[in-house]
Amino acid sequence: MKRILILVAAVLLFGNVQAQDDSENQQVLPVKAQECVLPASPNAIPEEASYDDLVAAKKAVATFQGEIADYRDCLKIAEDDEDNTPGNLAAIVAAYNYSVEMEERVAERFNTAVHAYKERKAAAKG
């Protein structure tokens, strides 16, 4: 009987410790990071983009890159909060990484449009 009580107490104690660990590791973006504004990516570049379309797209991409840098600065401020749990920090890193991937996709889309424009120009000349 004494062994059963010890076993039950150990299970209850371990269960409580496990529950605390799970809550600390749960990935939740802290309030300060939720206040950071992830900018929308620029509008799509037309498939047969003209020179003027590319100039406008370049300006939009530059604006987006400035806004995404501000977003990451905001995340950095949120990351420095001493009250963050490991889960909060993991969520901030995930948000930061997503913003990098987003910026890479925007840059790739712009570069693809520029290359297509140059190929069309070269084909028209030659």
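Among contacts in the chain (heavy atoms within 4.5 Å) between residues at least 6 apart in sequence, 83% join residues at least 24 apart. This is a predicted model, in which local features need pLDDT of at least 70, side-chain atom pairs count only at pLDDT 80 or more, and totals for chains, interfaces and linings use all residues. Residues are numbered from 1 along each chain as its sequence is written, and side-chain values use heavy atoms, with hydrogens and water left out.

**Helices**
- The chain has four helices and zero strands, taken as DSSP runs numbered from the N terminus (helices H or I, at least four residues; strands E, at least two).
- H3 and helix H4 (residues 86-125) pack with their axes 11 Å apart, at an angle of about 170 degrees; axes are lines fitted to C-alpha atoms over the stretch in contact, and angles run from 0 to 180 degrees between N-to-C directions.
- H3 is therefore roughly antiparallel to H4 (angles over 145 degrees).

**Disulfide**
- One disulfide is counted, meaning a pair of cysteine sulfur atoms within 2.5 Å.
- Cys-36 is joined to Cys-74, with an S to S distance of 2.1 Å.
- The pair links distant parts of the chain, 38 residues apart: Cys-36 lies in the loop between helix H2 (31-34) and helix H3 (51-79), and Cys-74 in helix H3.
- The torsion about the S-S bond of Cys-36 and Cys-74 is about -85 degrees, so the disulfide is left-handed.

**Burial**
- Of the 126 residues of the chain, 24% count as buried (under 20% relative accessible area, with exposed over 50% and partly exposed in between; 1.4 Å probe, protein chains only).
- Cys-36 is buried at 8% relative accessibility, whereas Cys-74 is partly exposed at 25%.

How values were computed. Parallel < 35°, antiparallel > 145°, perpendicular 65-115°, else oblique.
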